[in-house]
Amino acid sequence: MAQVQVYNQEGRKTSKLELADSVFGIVPNTDAMHLAVVSYLANQRQGTQSTLTRSEVSGGGAKPWRQKGTGRARQGSTRSPQWTHGGIALGPKPRKYKVNLNKKVKRIAMKSALSSKVASGEMMVVNKIELEEIKTKSMIDILSKLSAAKKSLIVTTDVDETIYKSARNIEGVKVATVNTLCVYDILNCDTFIVLKDAAKKIEEVYA
(Lines give C-alpha, C1' and ligand atoms only; values in the text may rest on other atoms or scores of the structure.)
Protein backbone atom coordinates (compact mmCIF):
# COMPACT_ATOMS: atom_id res chain seq x y z
CA MET A 1 0.00 0.00 0.00
CA ALA A 2 1.23 3.47 -0.90
CA GLN A 3 1.56 5.72 2.13
CA VAL A 4 1.25 9.51 2.21
CA GLN A 5 1.53 11.97 5.07
CA VAL A 6 -1.67 13.63 6.26
CA TYR A 7 -1.56 17.27 7.41
CA ASN A 8 -4.04 19.65 8.98
CA GLN A 9 -4.56 23.11 7.52
CA GLU A 10 -2.03 24.49 9.98
CA GLY A 11 0.67 22.45 8.25
CA ARG A 12 1.18 19.99 11.11
CA LYS A 13 1.51 16.24 10.52
CA THR A 14 -1.44 14.35 11.99
CA SER A 15 -1.25 10.80 10.62
CA LYS A 16 -0.46 8.67 7.59
CA LEU A 17 -2.92 7.49 4.99
CA GLU A 18 -2.66 4.21 3.12
CA LEU A 19 -3.73 4.36 -0.50
CA ALA A 20 -4.40 1.53 -2.93
CA ASP A 21 -1.39 0.52 -5.00
CA SER A 22 -3.72 -0.15 -7.93
CA VAL A 23 -4.39 3.62 -8.17
CA PHE A 24 -1.52 5.41 -6.43
CA GLY A 25 1.28 2.88 -6.72
CA ILE A 26 1.53 1.69 -10.33
CA VAL A 27 4.53 2.17 -12.62
CA PRO A 28 3.65 5.39 -14.53
CA ASN A 29 2.88 4.86 -18.20
CA THR A 30 4.46 7.90 -19.89
CA ASP A 31 2.89 7.12 -23.28
CA ALA A 32 -0.63 7.14 -21.83
CA MET A 33 0.03 10.37 -19.94
CA HIS A 34 1.42 11.99 -23.10
CA LEU A 35 -1.67 11.00 -25.08
CA ALA A 36 -3.93 12.38 -22.33
CA VAL A 37 -2.11 15.73 -22.27
CA VAL A 38 -2.12 16.02 -26.08
CA SER A 39 -5.85 15.20 -26.12
CA TYR A 40 -6.61 17.75 -23.38
CA LEU A 41 -4.67 20.58 -25.05
CA ALA A 42 -6.08 19.81 -28.50
CA ASN A 43 -9.63 19.79 -27.14
CA GLN A 44 -9.09 23.27 -25.65
CA ARG A 45 -8.66 24.74 -29.13
CA GLN A 46 -11.74 26.50 -30.45
CA GLY A 47 -10.93 25.95 -34.11
CA THR A 48 -12.88 29.09 -35.06
CA GLN A 49 -10.08 30.86 -36.97
CA SER A 50 -11.13 31.68 -40.51
CA THR A 51 -9.95 33.62 -43.56
CA LEU A 52 -11.90 34.81 -46.60
CA THR A 53 -11.30 33.20 -49.98
CA ARG A 54 -11.60 35.22 -53.20
CA SER A 55 -15.25 34.26 -53.51
CA GLU A 56 -16.01 35.57 -50.00
CA VAL A 57 -14.30 38.98 -50.19
CA SER A 58 -16.69 41.78 -51.17
CA GLY A 59 -16.13 43.54 -54.49
CA GLY A 60 -14.01 42.44 -57.42
CA GLY A 61 -16.92 41.68 -59.71
CA ALA A 62 -15.67 43.69 -62.66
CA LYS A 63 -12.67 42.67 -64.74
CA PRO A 64 -9.91 45.25 -63.95
CA TRP A 65 -8.95 45.73 -67.60
CA ARG A 66 -9.50 44.07 -70.93
CA GLN A 67 -7.95 40.71 -71.58
CA LYS A 68 -5.54 41.65 -74.40
CA GLY A 69 -3.71 44.62 -75.73
CA THR A 70 -2.74 46.47 -72.56
CA GLY A 71 0.70 44.91 -72.11
CA ARG A 72 -0.17 43.92 -68.57
CA ALA A 73 -0.83 40.49 -67.20
CA ARG A 74 -4.37 39.28 -67.62
CA GLN A 75 -6.56 39.70 -64.55
CA GLY A 76 -10.09 38.56 -63.88
CA SER A 77 -10.75 40.11 -60.47
CA THR A 78 -9.20 42.55 -58.01
CA ARG A 79 -10.01 40.05 -55.27
CA SER A 80 -7.59 37.37 -56.49
CA PRO A 81 -5.01 36.30 -53.87
CA GLN A 82 -2.14 38.20 -55.52
CA TRP A 83 -3.99 41.53 -55.16
CA THR A 84 -3.91 43.79 -52.11
CA HIS A 85 -7.25 43.36 -50.33
CA GLY A 86 -7.71 40.15 -52.26
CA GLY A 87 -8.79 36.78 -50.83
CA ILE A 88 -6.50 34.38 -48.99
CA ALA A 89 -5.38 31.25 -50.80
CA LEU A 90 -5.30 28.06 -48.70
CA GLY A 91 -5.94 29.94 -45.44
CA PRO A 92 -7.37 28.42 -42.24
CA LYS A 93 -11.09 27.64 -42.09
CA PRO A 94 -13.13 26.53 -39.04
CA ARG A 95 -12.27 22.96 -38.03
CA LYS A 96 -12.36 20.58 -35.06
CA TYR A 97 -9.12 19.66 -33.32
CA LYS A 98 -10.79 17.12 -31.00
CA VAL A 99 -8.69 14.08 -30.11
CA ASN A 100 -10.55 11.12 -28.63
CA LEU A 101 -9.09 8.65 -26.17
CA ASN A 102 -10.64 5.34 -25.18
CA LYS A 103 -11.63 4.77 -21.55
CA LYS A 104 -8.84 2.29 -20.87
CA VAL A 105 -6.11 4.76 -21.87
CA LYS A 106 -7.78 7.54 -19.87
CA ARG A 107 -7.82 5.39 -16.72
CA ILE A 108 -4.20 4.29 -17.14
CA ALA A 109 -3.14 7.90 -17.72
CA MET A 110 -4.97 9.10 -14.59
CA LYS A 111 -3.52 6.33 -12.41
CA SER A 112 -0.06 7.01 -13.83
CA ALA A 113 -0.32 10.74 -13.07
CA LEU A 114 -1.50 10.05 -9.50
CA SER A 115 1.24 7.47 -8.94
CA SER A 116 3.94 9.79 -10.29
CA LYS A 117 2.92 12.50 -7.80
CA VAL A 118 3.06 10.03 -4.90
CA ALA A 119 6.42 8.65 -6.04
CA SER A 120 7.94 12.14 -6.38
CA GLY A 121 6.60 13.25 -2.98
CA GLU A 122 4.55 16.06 -4.52
CA MET A 123 1.19 14.76 -3.26
CA MET A 124 -0.05 16.14 0.05
CA VAL A 125 -3.20 14.96 1.84
CA VAL A 126 -4.97 17.48 4.08
CA ASN A 127 -7.64 16.48 6.63
CA LYS A 128 -9.88 19.38 5.65
CA ILE A 129 -9.74 23.04 4.76
CA GLU A 130 -12.19 25.18 6.68
CA LEU A 131 -12.59 28.90 6.02
CA GLU A 132 -14.93 31.14 7.97
CA GLU A 133 -15.52 33.34 4.95
CA ILE A 134 -14.47 33.76 1.35
CA LYS A 135 -11.09 35.42 1.73
CA THR A 136 -8.03 35.14 -0.51
CA LYS A 137 -5.65 36.12 2.31
CA SER A 138 -6.86 33.20 4.44
CA MET A 139 -6.19 30.74 1.61
CA ILE A 140 -2.73 32.23 1.03
CA ASP A 141 -1.96 31.72 4.74
CA ILE A 142 -3.06 28.05 4.58
CA LEU A 143 -0.96 27.38 1.46
CA SER A 144 2.00 29.08 3.13
CA LYS A 145 1.68 26.88 6.23
CA LEU A 146 1.51 23.80 4.00
CA SER A 147 4.69 25.00 2.21
CA ALA A 148 2.85 24.63 -1.10
CA ALA A 149 4.65 25.57 -4.31
CA LYS A 150 3.50 28.46 -6.47
CA LYS A 151 1.76 26.09 -8.87
CA SER A 152 -0.65 24.10 -6.71
CA LEU A 153 -3.75 22.04 -7.37
CA ILE A 154 -6.34 21.64 -4.61
CA VAL A 155 -8.76 18.73 -5.00
CA THR A 156 -12.07 18.63 -3.12
CA THR A 157 -14.77 15.94 -3.10
CA ASP A 158 -17.55 18.26 -4.25
CA VAL A 159 -17.80 21.92 -5.25
CA ASP A 160 -16.84 24.09 -2.27
CA GLU A 161 -17.51 27.72 -3.16
CA THR A 162 -15.64 29.06 -0.13
CA ILE A 163 -12.42 27.26 -1.11
CA TYR A 164 -12.89 27.91 -4.84
CA LYS A 165 -13.59 31.64 -4.54
CA SER A 166 -10.83 32.12 -1.97
CA ALA A 167 -8.26 30.52 -4.26
CA ARG A 168 -9.33 31.65 -7.71
CA ASN A 169 -7.42 34.96 -7.60
CA ILE A 170 -4.14 33.37 -6.47
CA GLU A 171 -1.78 33.06 -9.41
CA GLY A 172 -0.81 29.47 -10.16
CA VAL A 173 -3.40 27.94 -7.80
CA LYS A 174 -6.27 25.90 -9.18
CA VAL A 175 -9.17 24.12 -7.45
CA ALA A 176 -10.77 20.98 -8.91
CA THR A 177 -13.25 18.35 -7.75
CA VAL A 178 -12.82 14.59 -8.10
CA ASN A 179 -15.21 14.68 -11.09
CA THR A 180 -13.33 17.46 -12.92
CA LEU A 181 -9.80 16.20 -12.20
CA CYS A 182 -7.68 15.76 -15.33
CA VAL A 183 -4.21 14.41 -16.07
CA TYR A 184 -2.93 17.74 -17.42
CA ASP A 185 -3.77 19.63 -14.22
CA ILE A 186 -2.12 16.95 -12.06
CA LEU A 187 1.11 16.93 -14.07
CA ASN A 188 1.15 20.72 -14.44
CA CYS A 189 1.18 21.43 -10.69
CA ASP A 190 4.20 21.30 -8.37
CA THR A 191 2.16 20.60 -5.23
CA PHE A 192 -0.83 18.26 -5.45
CA ILE A 193 -3.05 18.98 -2.43
CA VAL A 194 -5.87 16.49 -1.93
CA LEU A 195 -8.44 16.62 0.87
CA LYS A 196 -8.63 13.31 2.74
CA ASP A 197 -12.23 12.60 1.66
CA ALA A 198 -11.32 13.40 -1.94
CA ALA A 199 -8.37 10.96 -1.83
CA LYS A 200 -10.71 8.16 -0.73
CA LYS A 201 -13.20 9.15 -3.44
CA ILE A 202 -10.49 9.03 -6.11
CA GLU A 203 -9.52 5.60 -4.84
CA GLU A 204 -13.14 4.39 -5.14
CA VAL A 205 -13.56 5.76 -8.65
CA TYR A 206 -10.33 4.39 -10.16
CA ALA A 207 -9.74 1.22 -8.10
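Student: Is strand 4 mostly covered or mostly open, and how many of its residues are buried?
Tutor: Strand 4 is mostly covered, with five of its five residues buried. Buried means under 20% relative accessible area, exposed means over 50%, and partly exposed lies in between, using a 1.4 Å probe and protein chains only. Strands (E, at least two residues) and helices (H or I, at least four) are DSSP runs, numbered from the N terminus. This is a predicted model, where local features need pLDDT of at least 70 and side-chain atom pairs count only at pLDDT 80 or more, while totals for chains, interfaces and linings use all residues. Residues are numbered from 1 along each chain as its sequence is written, and side-chain values use heavy atoms, with hydrogens and water left out.

Student: Which residues of strand 4 sit on which side?
Tutor: Ser-152, Ile-154 and Thr-156 are on one side, Leu-153 and Val-155 are on the other, and all are buried. In a regular strand the side chains alternate between the two faces of the sheet.

Student: What does strand 4 pair with in the parallel sense over five bridges?
Tutor: Strand 5. Two strands count as paired if DSSP finds at least two bridges between them. In this pair, Ser-152 has Val-173 as its bridge partner, and Ile-154 stands opposite Val-175.

Student: And which strand is joined to strand 4 by four bridges?
Tutor: That is strand 6 (residues 191-195), which runs parallel to strand 4 (residues 152-156). Val-155 stands opposite Val-194 there.

Student: OK, zoom out. What is the strand order in the whole sheet?
Tutor: The order is 2-1-3-6-4-5, in an open sheet of six strands with mixed pairing. Strand 2 (13-19) and strand 5 (173-177) are the edge strands, each pairing on one side only. Neighbouring strands are turned by 30 degrees against each other on average, direction ignored.

Student: Is strand 5 largely enclosed or largely open?
Tutor: Largely enclosed by the rest of the structure, because four of its five residues are buried.

Student: Back to Ile-154. What does it touch?
Tutor: Leaving out residues up to four places away in sequence, Ile-154 touches several residues, including Ile-129, Met-139, Leu-143 and Ile-163. Touching, or contact, means heavy atoms within 4.5 Å. Ile-154 is also among the residues with the most contacts inside the largest nonpolar core, which has 51 residues. Such a core is a set of buried Ala, Val, Leu, Ile, Met, Phe, Trp, Tyr and Cys residues joined through side-chain atoms within 4.5 Å.

Student: Which helix gives the most to that core?
Tutor: Helix 3 (residues 103-119), with six residues.

Student: How do helix 2 and helix 3 pack?
Tutor: They pack at an angle of about 105 degrees, with their axes 8 Å apart. Axes are lines fitted to C-alpha atoms, for helices over the stretch in contact, and angles run from 0 to 180 degrees between N-to-C directions. Ala-32, Met-33, Leu-35 and Ala-36 of helix 2 meet Val-105, Ile-108, Ala-109, Ser-112 and Ala-113 of helix 3.

Student: What about Ser-39, buried or exposed?
Tutor: Ser-39 counts as buried because its relative accessibility is 8%. Ser-39 lies in helix 2 (residues 30-44). Beyond its neighbours within four places in sequence, Ser-39 is in contact with Val-99 and Leu-101.

Student: Last one: where is Arg-12?
Tutor: In the loop between strand 1 (2-7) and strand 2. Arg-12 counts as exposed, because its relative accessibility is 54%.
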